[in-house]
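Welcome! Here is a friendly walk through one protein model, told as questions and answers.

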Amino acid sequence: MADYKELASYIMDQLAELGWVRNIPMMGGYVFYYKEKIFGGIYEDGFMVKDTKAARACMPDSEAQPPYKGAKPMLPVTILEDRKALQEMVVAMEPELPQRKQKKSRKFSSVLKKAEYDFLREDPHLGKSIILLGLGGSYSYGTDNENSDMDIRGVTLNRKEDLIGLSAFEQYVDDRTDTTVYGFGKMITLLLNCNPNTLELLGLNPEHYLYLHDLGRELLENTGLFLSKRAIQSFGGYADAQLRRLQNALARDSYPQREKEQHIFNSVKNAMYDFRRRYERFENGSIHIYTDTAVNPQFETELFVDTNLTHYPLRDYKNIWNEMHNIVRDYDKIGKRNRKKDDNHLNKHAMHLVRLFMMAIDILEKGEVNTYRHRERELLLAIRRGEYQKEDGAFRDEFYEIVADYEKKLDQAAAWTNLPDEPDKSRVQEYVMSVNEKVVKDEVR
C-alpha cells in the first residue's frame, strides 16, 4: 500500500497542470478522477486507464486486461513518464467517459419540491426570476458530516419595478430552511468586494448547482470580472481575524505577551490593505506599523507605529486610528465572547479559517474560485473531526504550523498576483446593464 501511495503521488504530480484531478483510496489501490469522471486507477498490476478510443490512440502498444477478477478490461499505462503525453491522453479521454452519478444532487433537488420550499416558487421576487440556486456551507466545501444541515444560496433578478419603479429588493432569507437568495444588484455589489459568502457561489462543483438559468450560467462565465486584490482582505483578512479569535478563545490568558503582540500585529497588517484602499493618500507621508522591544516593563514586545504625515486630512487620520484601535481592543473582547464555545464548534471554526486561506490563494495565484476543496478535503475533515486538538481543548502545534504555512503562501500570492487592485467597473457595468436591459424589455424567458 505504501508503494501505491507513492505511485499515486507521482501520478498526481504528472497531471498537476490539468487541475480537476483527484484520487481516493479504494479496494487497496486508488481511483482517479478528472472533472469528476473516473478515468483510471492503481491496481495490482500498476496504473491503468479505461479502455477508450482516445486511450488506445495514445498508447497503441498497450493491451487491455482486467485490473482484477470479474472487472472490465483496462489499459496499462505505458506513457507514465511522459508528462505531456499523459496529460494529453487524459484530456482526450474525458469526452468519452461516462458522467459520474451524483446521488446528492438528485437528493437535494428533490428536497426543493417539499412544501417548506414553496416560497421559492410563490414569492413575487423569486419564482421565475431566480437564475441560480446552489448548495452553501459544508456540502459545497466537501466537509459535510452526518450532522450537517443543508444551506441553499441563490440569485434572483431584480424585477422591472425595482429597476425603473419605486420598489426595491436586496435579498430573501428563510431561516427555517437556511436559504438566502440575493437580488442581482446586491449580488453584484458583494462580488465587487470579493465577499467570500457570495463569491463561493460562483465556484461550486457542477452537481452542487440545483438550478441554473441561462443568465445564471452567464454570471458564472463572468466570474473573472469580480476577482481582484480585494480578496487579500476579504478572504485572507477574515481568516486571519478568525484565527486570532480562535486562539484567544482557547488559551487567551496563557499565551506569552510576545505571541499576543504578534497576533495583533498580523491582524492590523491585514487590515492595512483595506486602509490603503479607502483612506491612504500617502504621497504626503507614510504610516509604518511594527513590533519591537517593549517600552512597557510588563511586556517583552509590543506594537509601535511610525507616522510621518504632512497636510493629511484629520478626518481620514481619525478613521485610520479608530480602526487600528478597534482591532487591538477587540482582540480581548472577542476572546471573552468565544471562550464557552464547545469543541465541535471550535474545530469547525478552525477548519473554515484554513479553508478561507486555501480559497484566497487559489484566487490570487490562479484567478479561480474553487469552493469544493478536492485536494485538501481530507485535511479539512481531519481538522473538523478534532484530530488537531489536544485533550485540554487547545490546538496542537501542527495545526498552527499549517496555518502559518498558509499565511506565508497567502503573502507570496498577494505579492505576485496578476489580479488588478480593483475590478474593472466599466466592464462590470456593461455586463449588469445587459442583464437588466433584458428584464426591462421583458426578454427573460
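A residue is called buried under 20% relative accessible area, exposed over 50%, and partly exposed in between, with a 1.4 Å probe and protein chains only. This is a predicted model, in which local features need pLDDT of at least 70 and side-chain atom pairs count only at pLDDT 80 or more, while totals for chains, interfaces and linings use all residues. Residues are numbered from 1 along each chain as its sequence is written, and side-chain values use heavy atoms, with hydrogens and water left out.

Q: Is Val 440 buried, partly exposed or exposed?
A: Val 440 belongs to helix 17. Its relative accessibility is 31%, so by the cut-offs above Val 440 is partly exposed.

Q: Which residues form a nonpolar patch on the surface together with Val 440?
A: Patches are made of residues with over 30% relative accessible area and no salt bridge; like charges are joined within 9 Å and nonpolar side chains (Val, Leu, Ile, Met, Phe, Trp, Tyr) within 5 Å. The patch has about 230 Å² of accessible area together, a value from the Shrake-Rupley method with a 1.4 Å probe, where for residues only the protein chains shown count as cover.

Q: How many helices and strands does the protein chain have?
A: Helices (H or I, at least four residues) and strands (E, at least two) are DSSP runs, numbered from the N terminus. Counted this way, the chain has 17 helices and 12 strands.

Q: What share of contacts in the protein chain between residues at least 6 apart in sequence joins residues at least 24 apart?
A: A contact means heavy atoms within 4.5 Å. Of the contacts between residues at least 6 apart in sequence, the share that joins residues at least 24 apart is 67%.

Q: What percentage of the accessible surface belongs to carbon and sulfur atoms?
A: The accessible surface of the protein chain comes to about 23700 Å². Looking inward, buried residues make up 50% of the 445 residues. As for the surface, the part that belongs to carbon and sulfur atoms is 48%.

Q: Which residue forms a salt bridge with Lys 186?
A: A salt bridge is a side-chain nitrogen of Lys or Arg within 4 Å of a carboxyl oxygen of Asp or Glu. By this rule there are 20 salt bridges. Lys 186 lies in helix 8 and its partner in the loop between helix 7 (160-164) and strand 8 (171-174), so the pair ties together parts that are 16 residues apart in sequence. With the closest N and O atoms 3.8 Å apart, that partner is Glu 170.

Q: Which residues are linked with Asp 362 and Lys 366 in a network of salt bridges?
A: Asp 362 and Lys 366 both lie in helix 14, 4 residues apart, about one turn of the helix. Asp 362 is buried, with a relative accessible area of 7%, whereas Lys 366 is partly exposed at 49%. Their closest N and O atoms are 3.5 Å apart, and the network also links Arg 373 and Glu 376.

Q: Is Cys 194, with its positive phi, buried or exposed?
A: Most residues other than glycine have a negative phi. Phi of Cys 194 is near 55°, a positive value, and Cys 194 is found in the loop between helix 8 and helix 9 (196-199). At 0% relative accessibility, Cys 194 is buried.
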